[in-house]
Amino acid sequence: MDDEILIRQNGHIGHITLNRPKALNALTQGMVDAMEPALVAWAMDDTIKAVVIDATGDKAFCAGGDVTQLYHESRAGNIGFGHKFWRDEYRVNAMIAEFPKPYVALMDGIVMGGGVGVSAHGSHRIVTDRTMFAMPECAIGLIPDVGGTYLLANARGSLGEYLGITGARMNGADCIYAGQADFYVPHEQLPALLDELVKTGDVGVIANFAQSPPNSALADQQSTIDAVFGLPDMAQINAALDGDDTEWGAKTRKQISHGAPLSAVMTLELIRAARGGDIKLALRNEYRFVSRCAEQSDFVEGVRAMLIDKDRNPNWRFKSIADIPQSLIDELMQPAPDGDLNL
């Protein structure tokens, strides 16, 4: 793996450091493979009091999974590569959510996609003044996965639908307000906090560094977001936005227009299916979609347009939500072709 992930015992903590700064610490199969046995071992090791995950570099905690590799493998007809990656990744996401000891995530810098999956399911989620959190998967023809539909389903009101469909970015204060993080610690305090965690293994020390976050813009938008994104379906959501001549309405319409219509519809379905359920149900449903995405969604075209050719001009399979047959929506919610994900 060429040290793309660093895993070691550091004092009283099990310490995971994502170490691909030039790739914004995007997750690879090798990184996922290394995390799972470490978590299994640390769960049973009495000398480990807590797990901490952080990352190297100045820009990102983790900007997502390595979707360019998934793209190339899918283009080559190796659909099984993506299936294995997602199954293994989702299993680690579930382990984090159910880990029996404190799991501390230092969510400093960019946190997107797969980075959300290895951080926001933890018991102690720390954001900073440099955090930029988003789940922009609709823009690449995917859906918020890695348990993202579960996280979004449990956000305030209809914030989950809004954040998932638009891919809107959140700062640290927004993350706290939306329920995607627990503590706000200034970036410059992270080294001292890590030192205390290493020395003591006591997550109670986080309170000594945490501050009240600034005001969140999402709080001011909550009632508007609920009124629009609480509507029954994408057709009504789009109609409400078409009738909104405010700056927020125009910005939100533009954000949705950048994503695949099929992804928007399925994101709405999956978030609502996750509401009231648990992480395992959400991951199972997400896998049902992603196991078909190379062949039946816009994933390959979305990655091409956004990350490979970078022309930002995707040719989506469906031009509007009105073109999407209900039979396809139903099919994408059925058990995965290679078998459901059992966790």
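This note walks through a predicted model, point by point.

1. **Ground rules.** Residues are numbered from 1 along each chain as its sequence is written, and side-chain values use heavy atoms, with hydrogens and water left out. In this predicted model, local features need pLDDT of at least 70 and side-chain atom pairs count only at pLDDT 80 or more, while totals for chains, interfaces and linings use all residues.

2. **The annotated span.** UniProt, in an unreviewed entry, places the feature "domain: Enoyl-CoA hydratase/isomerase" at residues 13-332. UniProt positions follow the numbering used here, feature names are shortened, and annotations may be inferred rather than shown by experiment. In the model, this span is 51% helix and 10% strand. Its end C-alpha atoms lie 41 Å apart. Helices (H or I, at least four residues) and strands (E, at least two) are DSSP runs, numbered from the N terminus.

3. **Helix α1.** This helix covers residues 29-44, which makes 16 residues. From first C-alpha to last it reaches 24 Å, close to the 22 Å expected at 1.5 Å a residue. The expected span is 1.5 Å times one less than the number of residues.

4. Gln-29, Met-31, Val-32, Ala-34, Met-35, Ala-38, Leu-39 and Trp-42 are buried in α1. Buried means under 20% relative accessible area, exposed over 50%, and partly exposed in between (1.4 Å probe, protein chains only).

5. **Strand β7.** Residues 124-127 form this strand, and both of its faces are covered. His-124 and Ile-126 are buried on one side, Arg-125 and Val-127 on the other. β7 pairs with β5 in the parallel sense over four bridges. There, Arg-125 is the bridge partner of Ala-105. β7 also pairs with β9 (residues 183-184), again parallel, over two bridges. Val-127 stands opposite Tyr-184 in β9. Two strands pair if DSSP finds at least two bridges between them.

6. The structure holds 14 salt bridges. A salt bridge is a side-chain nitrogen of Lys or Arg within 4 Å of a carboxyl oxygen of Asp or Glu. One of them joins Asp-66 and Arg-20, at 3.9 Å from N to O. Asp-66 lies in the loop between β4 (60-62) and α2 (67-75), and Arg-20 in the loop between β2 and α1, so the pair ties together parts that are 46 residues apart in sequence. Asp-66 counts as buried, at 15% relative accessibility.

7. Asp-88 is buried, at 7% relative accessible area. Lys-84 is partly exposed at 46%, and Arg-91 is partly exposed at 30%.

8. **Towards the end of the span.** Asp-323 lies in the loop between α14 (299-308) and α15 (326-332). Is Asp-323 buried or partly exposed? Asp-323 counts as partly exposed, at 43% relative accessibility. Its C-alpha atom is separated by 9.2 Å from that of Leu-262, which is 61 residues away along the chain.
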